[in-house]
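Thank you all for coming; please have a look at the sequence and the model on the screen while I talk. I will go through a few places one after another, and you are welcome to stop me.

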Amino acid sequence: MIGISKLFCGTVEPSDALRYGRHSGKLPSHLLQFSKDKKPVVVWNMTRRCNLKCIHCYAQAVEAEEELGGRDAISTAQAKAMIDDLAAYGAPVMLFSGGEPLVRRDLTELASHATAKGMRAVISTNGTLITKEKARELKDVGLSYVGISMDGGEAVHDKFRAVPGAFKKAIQGIENCQAEGLKVGLRFTINRHNAGEVPTLFRLLEDLEVPRICFYHLVYAGRGSEMVAEDLDHAQTRAVVDLIMDETRALFERGKEKEVLTVDNHADGPYLWLRMLREDPKRAAEVLELLSWNEGNSTGRGIGCISWDGQVHADQFWRNHTFGNVLERPFSEIWDDPNIEMLHKLKDKRPYVGGRCARCRFLNICGGNFRARAEAVYGDIWAQDPACYLTDDEITGEPVCRPDERGGSDEAACAR
């Protein structure tokens with residue numbers, strides 16, 4: 001997750017994160033990516049059921065009442081025990097996802113349980129089921145954030161969602177959240193068919209007075225795995241990232257300060273830094289420090305996933321590797337088990353990645369990018385990420401080191 005507005009528009013300084021000791025349990029949500037301990041944000045795909053049929057669904061969701069007669073593998077009582085373990089372990093955020101989380105009738109009860117245990121509860125939803133009454137319930141349980149997925153304007157969105165009227169219902173869901181004072185944001189997955197909709201999303205952001213948007217790069221997983229050929233090429237990706245930066249700056253210059261982030265391609269960090277070197281070298285130094293704290297891709301370390309059946313994965317996209325099941329063993333024990341070799345290696349991928357990643361000077365601030373894409377294309381989890389769009393000239397040169405706590409240079413962090 002790369003904070004475009006934080007880095008490019010200077011809304012966050014290194015001192016902001018240092019003020020909280022960079023501890024995940026103390027940092028406000030907008031600074032969580034700069035935590036030092038990297039306790040995992042846990043995505044729980046609490047159901048596989050969904051009321052839509054999105055063509056890019058990473059979870060391969062099924063009809064809302066199709067699977068198990070409308071029941072789910074993890075009961076309310078089992079879910080509460082799972083949340084108890086996560087809270088005691090120190091996971092700062094519980095992200096309720098799906099499928100569509102709102103098809104589970106106990107969502108608000110479980111979100112309330114998470115907040116009562118000191119966790120921040122957020123949901124990722126298509127927005128179509130957020131009635132006025134449901135928005136009020138979500139506000140009452142102390143939900144921190146509602147992320148609503150959009151794919152463009154009405155025609156494009158409804159085509160992706162494969163259900164006519166999905167766009168209008170999602171907009172109504174946004175408005176219902178706003179009426180209750182719930183923080184709501186937009187989520188947009190970029191691909192060949194909707195990259196031209198990026199300006200439309202910025203207009204929606206402004207017109208609807210939504211404070212936050214996340215632009216997701218395509219990960220080849222779930223039904224998304226059938227869309228490898230639908231991803232942007234490198235030149236197109238660079239153009240889109242530049243457009244996102246330009247649109248974000250234009251908003252700020254008009255006094256419309258929004259939180260804009262890109263997700264799932266950590267080449268965005270070095271690419272932004274290289275642009276800042278040309279445009280504002282002083283700010284570029286601060287950006288580099290913040291990127292070093294971000295540490296790039298956090299699969300298997302700063303983010304984890306629990307599936308609808310209790311299986312534990314390194315992140316929500318990479319489901320062909322399972323490390324255990326929370327119905328048999330607590331997440332906290334699975335996550336820190338040194339005997340799970342792959343999960344242990346993911347805690348620091350740098351010694352294991354190959355190809356361009358191994359010789360890239362940005363490895364310390366990118367973290368090797370997405371292993372799921374490497375495996376999908378090359379059949380090797382340690383191969384280079386095929387979606388990295390940095391040129392060979394950009395990745396060579398002097399190593400870019402992570403500053404240590406004293407502001408010097410940590411030689412170990414620069415080692416290859």
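Predicted model: local features only at pLDDT ≥ 70, side-chain atom pairs only at ≥ 80, totals over all residues.

C360 itself counts as buried, because its relative accessibility is 8%. How many disulfides does the structure hold? The count is zero, and the cut-off behind it is that two cysteine sulfur atoms must lie within 2.5 Å of each other.

Now let us step back to the whole protein. Its secondary structure comes to 18 helices and twelve strands, and of its 416 residues, 60% are buried. If we take contacts between residues at least 6 apart in sequence, 71% of them join residues that are at least 24 apart. The accessible surface is about 16,500 Å², and carbon and sulfur atoms account for 49% of it.

In soluble globular proteins, nonpolar side chains tend to be buried together. Here the largest nonpolar core has 112 residues, and W44, F96 and F215 are the ones with the most contacts inside it. Leaving aside neighbours within four places in sequence, F96 is in contact with a list of residues including W44, M46, I83, L107, L110 and V122.

Next, please find helix α9, residues 234–253. Its 20 residues, at 1.5 Å a residue, should span 28 Å, and the end C-alpha atoms are 29 Å apart, which agrees. At the start of α9, a side-chain oxygen of D233 comes to within 3.2 Å of the backbone nitrogen of A235, and just after the helix, G255 takes a positive phi of about 80°. Which residues of α9 are buried? Among them are V240, V241, I244, T248 and L251. As a reminder, an α-helix has 3.6 residues a turn, so residues three or four places apart point the same way. The buried residues of α9 pack against α1, α8, β9, β10, α10 and α17.

D380 is partly exposed, with a relative accessible area of 36%, and a polar atom of its side chain lies 2.9 Å from the backbone nitrogen of W382. Not counting residues up to four places away in sequence, D380 touches A374 and E375. The C-alpha atoms of D380 and V353 are separated by 9.7 Å, although these residues are 27 apart along the chain.

Finally, some backbone geometry. Most residues other than glycine have a negative phi, and most peptide bonds are trans. R22, in the loop between α2 and β2, has a positive phi near 55°, and R22 is buried at 5% relative accessible area. A162, in the loop between α6 and α7, has a positive phi near 60°, but A162 is partly exposed, at 39%. Lastly, a cis peptide bond joins G98 and G99, with omega about 15°, and G99 lies in the loop between β5 and α4.

Definitions and conventions:
Residues numbered from 1 in each chain as written. Heavy atoms only, no water. Helix = DSSP H or I, 4+ residues; strand = E, 2+ residues; numbered from the N terminus. Expected span 1.5 Å × (residues − 1). Buried < 20%, exposed > 50% of the residue type's maximum accessible area, 1.4 Å probe, protein only. Contact = heavy atoms within 4.5 Å. Polar contact = N/O pair within 3.5 Å; in protein donor to acceptor, adjacent residues only side chain to side chain. Core = buried A, V, L, I, M, F, W, Y, C linked by side-chain atoms within 4.5 Å. Areas by Shrake-Rupley, 256 points an atom, 1.4 Å probe, with all protein chains shown as cover.
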